[in-house]
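Work through the exercises below with the model open beside you. Try each task before you read its solution.

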Amino acid sequence: MTVSSNHLSSYSDDDHIENADEVLQRIFGIDGNGSSMGSDMVNLSERARKLDSLEFKKPAETRLIAVANQKGGVGKTTTAVNVASALAEHGLSVLLIDMDPQGNASTAMGVDHSEGVRSVYDVLEGRLSLNEVKSSSEHFSNLDVVPASIDLSGAEMELATLHERNNLLNSAMQALLADAPTQYDYVIVDCAPSLGLLVLNALCAVKEVLIPIQAEYYALEGLGQLLHTIGLVQRSFNPKLIVSTMLITMYDKRTLLSKEVFDEIQRHYEGIVLNTTIPRSVKISEAPSFGQSIITYDPRGAGSVAYGEAAYELNSRSEQVIQKLHRQEGNEE
């Protein structure tokens, strides 16, 4: 068969194979003429590529952060797990402590937390140290997890009669930092959805609180109560504690409601609300059932990119937060 010169002339040495981003841009466009979904895909691809190039810096000292909200279903455990994983993915050393008797953070990290397994319960009871109960993440060598077993469910009543019952986790935390002060860049504590003794232990053991807030008006109702409780802890038990971060979760950019909630929270809590928002995502909900964070389960998806951006924003504020903590400590002396 003879191939005409016309066909041959349509190819040249300058022809180039498009990469995935170029294909998306060609098919969908980013000038407003393409589909909304297509534009979102291009935007997500660009965000993921930019995130890959960002440098996460080691904080000047270990940041101790409790992820807390007494309201359930706001993405508290999801935030603790995925922020910890995103920080670890970008080279920082992280310890994740599960202080929720449900053990959801342990499940999401693929760590055994069956009855009788060494857990944070043994630490609170004073039998073991944090170093003795922690497990290494199978996905990140620089991420350790202290699991919560079902034994923790009855701990509140057992601990109620102990001396210094509010400072049990704090004592273990101080021992950990004294043994290896530079071992971790971040210690993140996932709190139970309550305002009980376990949460009080967490708030007494950390210096910062990260509050995830669902992008719904009813989610704001309990925020005042949580901030009141944190204020009581500051005055009575831990004067070094600050609310350093708020993160809007389950954000739906298609609705005016989500934007209004975001704007209102930013207006009332200027300087501590992350600009990053976490979208509603089926993948985020699926990941724990596979014993993974969204960072490893769907690494280029919207949820993973959003949590990566949130972790970067959290990390980039380290110097500002640490200076604030030092000023607060100086005022107490």
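**Exercise 1: A pocket**

The second largest pocket has a lining of 30 residues, and G75, K76, T77, T78 and M250 lie nearest its centre. A pocket is an open set of points on a 1 Å grid over the protein atoms alone, with protein on both sides within 12 Å along at least five of seven lines; lining residues have an atom within 4 Å of a point. This is a predicted model: local features need pLDDT of at least 70, side-chain atom pairs count only at pLDDT 80 or more, and totals for chains, interfaces and linings use all residues. Residues are numbered from 1 along each chain as its sequence is written, and side-chain values use heavy atoms, with hydrogens and water left out.

*Task.* Find which elements give two or more residues to the lining of the second largest pocket.

*Solution.* 
1. Helices (H or I, at least four residues) and strands (E, at least two) are DSSP runs, numbered from the N terminus.
2. Look for the largest share: α4 gives five residues.
3. Sort the lining by class: 12 residues are nonpolar, 14 polar and four charged. Here Ala, Val, Leu, Ile, Met, Phe, Trp, Tyr, Cys and Pro count as nonpolar, Asp, Glu, Lys and Arg as charged, and the others, Gly among them, as polar.

**Exercise 2: M250**

*Task.* State where M250 lies, and decide why it counts as partly exposed.

*Solution.* 
1. M250 is in strand β7.
2. M250 counts as partly exposed because its relative accessibility is 21%. Buried means under 20% relative accessible area, exposed over 50%, partly exposed in between (1.4 Å probe, protein chains only).
3. Check the backbone: phi of M250 is near 55 degrees, a positive value in a residue other than glycine. Most residues other than glycine have a negative phi.

**Exercise 3: Helix α9**

*Task.* Compare the span of α9 with the expected one.

*Solution.* 
1. Helix α9 covers residues 168-179, which is 12 residues.
2. The expected span is 1.5 Å times one less than the number of residues.
3. Now list its buried residues: L168, L169, N170, A172, M173, L176 and L177.

**Exercise 4: Confidence**

*Task.* Where in the chain is confidence lowest, and where highest?

*Solution.* 
1. The chain averages a pLDDT (the predictor's confidence in each residue, from 0 to 100) of 86.
2. Helix α1 (residues 5-9) is lowest, at a mean of 44.
3. Strand β1 (residues 63-67) is highest, at 98.

How values were computed: 1 Å grid on protein atoms, 1.4 Å probe; cavity = no way out; pocket = protein on both sides within 12 Å on 5 of 7 lines; lining within 4 Å.
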